[in-house]
Amino acid sequence: MVLKVFRWGPGTRERLQKYWVRARQGMTVLDALVEVQRNSDPTLAFRYACRVGMCGSCGMVINGRERWACRTLLSGLPRGAVTVRPLYNFPLIRDLVVDMTPLKSKVLAVKAVFVPARRAAEDAGFAQVGSGSRERRAIDGGIECIGCGMCVSACTMVGHDPRFPGPAALNRVFTLQRDSRDGAHAERGGLLLGEDVLARCHGQGNCTDVCPMEISPTDSILALRRRAVLRLLGFQR
Amino acid sequence: MRDRKTLRRRTGSLEAWRDTKAGMWAWLLQRAAAVGLIAVIALHLQNPFARPVQAALLGLVLFHGVLGLRSILLDFGWPARWHRLLLLLAVVAAAAAFALVWKWRWY
């Protein structure tokens, strides 16, 4: 089968390079890339770590859709050449490797980090949210994010508005805004009402469609938006 | 300084459209229907009795409206995972309403 792989490096022109790989049963796109790198082109750069669909570091755009290469079987793709590109909306480092820094900077921009409501010394041990509690069930899906960046790549609004925090950061905000142990709800609530934050999501659901962990950032964003409206109307602090 | 390059989905390429998701189509079609409505309303005001323009107006209003209802349902907490089904239902509802109204022809 033919792999068409995006190639680019500083100072070089971007191109799609063709490689021929003998497809075997059970072969994934990652297997094919590794085979190319080992046998025909050691200069091909791509990122992976666990190889078993846990870490999310092999996220790529395969045949136009964000997928993890280690879980994408060649046999599951339509016949014909398979096109592999790096994730969209992230600065390129080389070939299929992107710089994930924007993921972190967007998280920090909306203060999507835990701020304890009380100092640890005031608690008799760790503050806990029971696994069966309503509070915990509300964020059960959202906390499974592995930070692979596929949702950010698939989001058209991230591509359109660089100030939009994007699905991953807003999903993280959602889990914090529903966390009773967190003490920055009001501060984040103000940030969320900014022109380039919640209002910028058009609910296209691309993030939800590509999330390998089956999280729905769209639902998280829409839930945040409902809370923001209640806050605007004075029903919620 | 090192080159900085960020890939964006190129709407001009076929590959970018190859795996366009249902939610994206719903959004795009609703906007396209709105743009189409501007033109059709202008034509309709010039000649309110032109049947093809009436059909276009009815079709676009229904299509734009049901896709709007879909967005409202999602906004009010219907799971985003249902958005494909909602798109399908919206298209079916618009087609059914069009057929009913067109066949009824009450005026």
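**Entry 1: the domains of chain A**

I started with chain A, which is divided into domain 1 (2-98) and domain 2 (101-232). Before going further, a reminder to myself: this is a predicted model. I looked up the distance between the two domain centres, taken over C-alpha atoms, and found 30 Å. The contact between them draws on eleven residues of domain 1 of chain A and 13 residues of domain 2 of chain A.

Next I asked which strands supply the side of domain 1 of chain A that touches domain 2 of chain A. Strand S3 (59-62) and strand S4 (65-68) of chain A each give at least two residues to that side. The largest share, three residues, comes from S4(A). Sorted by class, this side of domain 1 of chain A has six nonpolar, three polar and two charged residues.

**Entry 2: the build of chain B**

I then turned to chain B and counted four helices and zero strands. Reading from the N terminus, I noted the order of elements as α-α-α-α. The radius of gyration of chain B is 18 Å, well over the 13 Å that the globule rule gives for 107 residues, so chain B is more spread out than a compact globule. I also noted the box filled by the C-alpha atoms of chain B, roughly 70 × 35 × 25 Å along the principal axes.

For burial, I found that 20% of the 107 residues in chain B are buried. I checked contacts too: in chain B, among those between residues at least 6 apart in sequence, 63% join residues at least 24 apart.

**Entry 3: where chain B meets chain A**

How many residues of each chain are in contact here? I read off 24 residues of chain B and 28 residues of chain A. On the chain B side, helix H1 (14-18), helix H2 (22-46) and helix H3 (51-75) each give two or more residues. The classes on that side are seven nonpolar, five polar and twelve charged residues.

**Entry 4: a closer look at B:Gly23**

I picked out B:Gly23, which lies in helix H2 of chain B. Is B:Gly23 buried or exposed? The cut-off for buried is 20 or more other C-beta atoms within 10 Å. B:Gly23 has 25 other C-beta atoms within 10 Å, so I put it down as buried.

Leaving aside neighbours within four places in sequence, I listed the contacts of B:Gly23 as A:Gln204, A:Gly205, A:Asn206, A:Asp209 and B:His83.

Conventions. Residues numbered from 1 in each chain as written. Chains lettered and ligands numbered in written order. Predicted model: local features only at pLDDT ≥ 70, side-chain atom pairs only at ≥ 80, totals over all residues. Rg over C-alpha atoms; globule rule 2.2 N^0.38 Å. Buried ≥ 20, exposed ≤ 12 C-beta atoms within 10 Å, placed from the backbone. Contact = placed C-beta atoms within 7 Å. Domains from an automatic or database assignment. Nonpolar A, V, L, I, M, F, W, Y, C, P; charged D, E, K, R; others polar.
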